[in-house]
Amino acid sequence: MGISFPLIKNTAKISLLFLVVVFNACNTLKRVGENQLLLKKNNIYVDSAEVKDADVESLILQEPNRTILGYPLRLNLYNLAKRNPDSSYQSWLHRKEKREQRLINLLSEKQVERLGESFLVKGINEWLKKIGEEPAILDTLKARRTLERLKAYYDSKGYFNSTTTYQIDTIPKTQRAIIDYKIELAEPFTIDSVSHQIVSKAVDSIYALNAQGSFVKKGDRFELAKFGAERERLSTIFRNTGIYNFQESSISYDIATDTTKLADDQKMDIELNIDNFKKRGDSAITTAPYQVYRFNRINIYTDYLFDERDRDQKFIRFRDYTIFYRDKLRFNPNTLANAVFFEQDSVYRDLDRTRTYRQITNLGVFKYPTITPVPNEEEATLDTNIYLAARPRYSLGMSFELTRSNIQQVGLALNPSLQARNLFGGAENLSISGRLSIGNSNDRSITDSRFFNLQEFGADANLDIPSIWFPFFNTKKIIPSYTLPRTRISLGTSFQKNIGLDKQAFNTVLGYNWIPSDHIKHNIELLNVQFVRNVNTDRFFNVYRNSFSQLNDIAAAPIYQDNATLSEVFGPRDGSDEPRRLIIPSGTTGFTDAILDREIPTSAGDFEAVSRIEERRRRLTENNLIFASNYTLNYTSRNGLTDNKFFQFRFKLESAGNLLSGISALIPFDENENGDRLIFNVPYSQYVKTELDYVKYWSVSRTGVLAFRSFLGLAIPYGNSDNIPFVRSYFAGGANDIRAWSPYSLGPGRIDAINDFNEANLKLSLNLEYRFPLFGSFKGALFADAGNIWNVFDNVEDPAATFTGLDSLGDTALGTGFGLRYDFTFFVLRADLGFKTYNPANEISERWFADYNFKNAVLQIGINYPF
């Protein structure tokens, strides 16, 4: 989501001047004592080789002051604050003999006292200290403690004989210092043998079946992290093979302590110990052998309110489950059974417990469930109770939006919604939402003189089913319930007035998605139908002013102005020597027809130019019927929100028109004058489209992240189409794309934004962004965006807009800039300032840095990160 704004040149100059004044007023060493040193840098050397590892660097207790492009902004902000604002205020107040009395006469004695506590006197200093950063004055105690941490870290890697030292290098005449931490590792200790001692027979037999996958192996270097990983691996295995109550604390390791052997051979004998289950009683801790538990009774309480009424409930038996309910069972027993992965007489598995939690929550009709196992130790069985509290069946919602965009100066939107849960008893959820919006536009093409001259209204209905609904075919074997399968059926419509050509749109979707793991998601839209009708096609040249300007400039030639055949296409003369303008729409249509029908003499260049304008007009004014299917694969290697070392990949394949084309072979369709087959008097679109999207994150420091994205999209028309519908085309520019250009303003190719909305069917973009913290919740970014759009395999023949080979990559645009973000925890508010670094629309000699200035910069406002 994003909005583009032109940048005001004078504001940028004033802001830049202010920053220069502030920076010059700062003294980095202002709070550094005469006998103190400001820490400039930390270096870590292991066996004389410098180490750049975030895990190792995180062990250093004292870091230098953070900088932005080498400038210590936060330190200098801190230095701007006065040490003792109270005494400074009193000193200023009494500097002149009568100043205090004059202020008391003007305000009052109490107000003068409060002035010393005000934000301007005291508060601003506290604020500067809060957002700033104290000087990192070198502390040798922290350096020694850092050595201890480095020693412990490399001990955990098996280098028990390592030695650590540090050295302070002072930078002459600067009162700054660099600390070099030096570690000599020596030879590591290795594992000579691995044995085990397991008390419980059940655990011992399970271990024997899974010992081969151990992280602790003979001959490997001793690494403490592997012992922790092995404890987790074994605990997971035991809890997924019936030991429901297994305690990770039961696992311990004995390491040989023969000092003679260690000194000579640097080898270790490892013994794995797994004790019995420990149970804390009222007066003592008792132990008992672990057992493999199986399920006995599985009870599902569908209306559990945690009160006395829960004792008197009705119940039914369904498959392996006893389902309790109050008054009337509102939920389909099959739906409940499919959401529970416990089966009678089956072995307990933690994995099934997790899947049950996820699937019940995924139904969307219950609050978070409670699962309580009740063990029978004598028989090694579990009675399991699943407590469910239903959400309200109906809920109403209402939201209000205030918006601004390239189309609207200001917009107001009202969005009512209705949620109906468990519609047919099988956890089917129906949501109905509406949209009513009004806005103001200064567009000259709008004749409505009212302030709110833009209107849009529409409604959507979505039915969500917690399974794959596919008639006459059972998908459970290939898409099991634990993958959280869902079916989505949606219907929607929208109507626009005084927005472009006043579109009416209808759409329907039948789609499926499922998540086989935490890293993979599949989405299939078996049916995606969209019908777009342009109501006021005669307004094309009112709306697309650049296209009109091109056509009108051609018509301004004397050969056309003086032609009697074209007398009715022009408006009256205004008394000046200026050429007459074409009348919209009759004049533009008459002039275009006269040129293309060869009714009047014309040059080859004018004929070609008018042909291109008319081709674009027809494409953007024709109604579209898109009957498509698509598949999307999403993969991410990310483990949690704090993971900054991961990659994401998205692949999408879409095909449109093939089903209708197949039907047309059996049932003859009507055709238009171009031979296009029609459905409801509209030519259906036929194309194939594919997209590849790759995102990679690197954690380059403890606080900095480098993010990269690459995108390639291609849509090829064929059969019933020679171009891609506007709603399925690509555009370049905007807050989440090439940020130095506004949306739709870049390309295609090296064209200089001759159209109001530039689009094409091939897109390539590359984005690189470095993100770093500033102060508090404010974060900064430096970015470079490259890319463009082109036409290929369609009816556009302009070589400037067409991708003809690798040489066309020379038309790739480059934008660079910087950004400011504020993290609200739930979302991030983003402002990016982009500069046109390489503009392919300029002459070759003026492409680099010709527009690299604040006047041509673009300010993009967005929500959350662009990728």
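In this predicted model, Arg 616 and Glu 759 are both buried, and their side chains meet in a salt bridge with an N to O distance of 3.5 Å. Arg 616 lies in helix H18 (residues 604-621), whereas Glu 759 lies in the loop between strand S29 (705-717) and strand S30 (762-775), so the pair ties together parts that are 143 residues apart in sequence. Salt bridges that share partners also join Arg 739, Glu 769, Arg 771, Asp 785, Arg 821, Arg 830 and Asp 832 into one network.

The count of salt bridges in the model comes to 38. One of these is formed by Asp 303 with Arg 330, for which the closest N and O atoms are 3.1 Å apart. Because Asp 303 is located in the loop between strand S11 (294-301) and strand S12 (314-318), and Arg 330 in the loop between strand S13 (321-325) and helix H12 (333-339), the pair ties together parts that are 27 residues apart in sequence. The two partners fall into separate classes of accessibility: Asp 303, at 12% relative accessibility, counts as buried, while Arg 330, with a relative accessible area of 33%, is partly exposed.

A further salt bridge is found between Glu 401 and Arg 435, whose closest N and O atoms are 3.9 Å apart. Glu 401 belongs to strand S16 and Arg 435 to strand S18, and the pair therefore ties together parts that are 34 residues apart in sequence. Glu 401 is partly exposed, with a relative accessible area of 32%, and Arg 435 likewise counts as partly exposed, at 32% relative accessibility.

A surface patch of another kind, one of positive charge, is formed where Lys 30, Lys 82, Arg 83 and Arg 95 gather. Among these residues, Lys 82 is found in the loop between helix H3 (73-80) and helix H4 (85-93). With a relative accessibility of 47%, Lys 82 counts as partly exposed, because this value falls between the 20% under which a residue is buried and the 50% over which a residue is exposed.

Thr 381, which is found in strand S15 (residues 381-387), has a relative accessibility of 14% and so counts as buried. When residues up to four places away in sequence are not counted, Thr 381 touches Tyr 293, Arg 294, Asn 296, Val 374, Pro 375 and Asn 376. In helix H15 (residues 545-555), the buried residues are Arg 545, Ser 547, Phe 548, Leu 551, Asn 552, Ile 554 and Ala 555. The cover over these buried residues of H15 includes helix H14 (540-543), helix H16 (558-561), helix H17 (586-596) and H18. Helix H18, which forms part of this cover, is also the helix that holds Arg 616, the partner of Glu 759 in the buried salt bridge described at the outset.

Definitions and conventions: Residues numbered from 1 in each chain as written. Predicted model: local features only at pLDDT ≥ 70, side-chain atom pairs only at ≥ 80, totals over all residues. Heavy atoms only, no water. Patch = residues over 30% accessible without salt bridge, like charges linked within 9 Å, V, L, I, M, F, W, Y side chains within 5 Å. Areas by Shrake-Rupley, 256 points an atom, 1.4 Å probe, with all protein chains shown as cover. Salt bridge = Lys/Arg side-chain N within 4 Å of Asp/Glu carboxyl O. Lys, Arg positive; Asp, Glu negative; His and termini not counted. Charge placed at Lys NZ, Arg CZ, Asp CG, Glu CD. Helix = DSSP H or I, 4+ residues; strand = E, 2+ residues; numbered from the N terminus. Buried < 20%, exposed > 50% of the residue type's maximum accessible area, 1.4 Å probe, protein only. Contact = heavy atoms within 4.5 Å.
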